[in-house]
Amino acid sequence: MRELASPIDEQQTQATRTLALKRAGMAAATAFVAANIWTGCPLLALWIGSQAVGSQTLSMGAVGIVVVVLAVLVFAMALLLTWLNNVYDALTGRRRVERRSAWLRSMRAESERHVSQRSGVTPLERIVMVNVYVAVITLVVWYVFFASAPAPTLCTLHC
């Protein structure tokens with residue numbers, strides 16, 4: 001005969017499933033935001049700049065609008081990535097550690113090895129790293145194989 005599962009076991013199973021679903025959602029949101037930093041933000045900034053220009057010729061004002069909008073969007077997306085990582089840490093119970101770049105740390109000998117070795121790399125951080133690799137490789141492939149150099153213009157008049 002089959003034994004009936006206790007209500008406590010069912011609650012633990014449900015909690016494990018919910019936690020796994022939340023972690024997957026955080027990973028998907030991180031991948032979406034990280035990809036939009038180098039694809040969606042520039043496209044949206046260019047679209048907003050084109051709306052500012054209208055049917056006129058390009059002006060420095062429109063270029064300034066594109067630069068400012070791009071800076072604001074990328075900064076907002078970076079803050080969103082930071083928030084997602086903090087929520088993920090809280091969700092998984094990871095303790096908070098000081099996140100400081102290597103060149104900003106003290107030169108004195110620390111009792112523990114490195115911050116990254118103490119805390120490890122989260123899946124969200126891995127997603128962002130892979131996204132950066134894909135962006136750089138895509139840029140290099142485009143530049144080497146698809147971007148053609150502009151043809152030199154020998155005659156600027158009606159030749």
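Apart from residues up to four places away in sequence, Gly 49 touches Ala 62, Ile 65 and Val 66, a contact being heavy atoms within 4.5 Å. The model is predicted: local features need pLDDT of at least 70, side-chain atom pairs count only at pLDDT 80 or more, and totals for chains, interfaces and linings use all residues. Residues are numbered from 1 along each chain as its sequence is written, and side-chain values use heavy atoms, with hydrogens and water left out.

Gly 49 lies in helix α2 (residues 40-53); helices (H or I, at least four residues) are DSSP runs, numbered from the N terminus. With a relative accessible area of 3%, Gly 49 is buried, where buried means under 20% relative accessible area, exposed over 50% and partly exposed in between (1.4 Å probe, protein chains only). Its C-alpha atom is separated by 6.9 Å from that of Val 63, a residue 14 positions apart from Gly 49 along the chain.

## Confidence

The protein chain has a mean pLDDT of 82, and 76% of its residues reach 70 or more; pLDDT is the predictor's confidence in each residue, from 0 to 100. Among the elements, the highest mean pLDDT, 93, belongs to helix α3 (residues 60-92), and the lowest, 54, to helix α4 (residues 115-119). Where pLDDT is low, the predicted coordinates should not be read in detail.

## The largest nonpolar core

Eight residues form the largest nonpolar core: Met 26, Val 33, Cys 41, Met 77, Leu 81, Leu 84, Tyr 88 and Leu 124. Such a core is a set of buried Ala, Val, Leu, Ile, Met, Phe, Trp, Tyr and Cys residues joined through side-chain atoms within 4.5 Å. Two or more residues come from each of α1 (7-38) and α3, and α3 gives the most, with 4 residues.

Beyond its neighbours within four places in sequence, Leu 84 is in contact with Met 26, Ala 29, Thr 30, Val 33 and Leu 124.

## Helix α5 and Asn 131

Helix α5 (residues 123-146) contains 24 residues and spans 33 Å from its first C-alpha to its last, close to the expected 34 Å, which is 1.5 Å times one less than the number of residues. Leu 124, Asn 131 and Ala 135 are buried in α5, and what covers the buried residues of this helix includes α1 and α3.

Asn 131 has a relative accessibility of 11%. Its side chain is joined to that of Trp 38 by a polar contact of 2.4 Å, that is, a pair of N or O atoms within 3.5 Å; within protein, one must be able to donate a hydrogen and the other to accept it, and residues adjacent in sequence count only if both atoms are side-chain atoms. Not counting residues up to four places away in sequence, Asn 131 touches Ala 31, Ala 34, Ala 35 and Trp 38.
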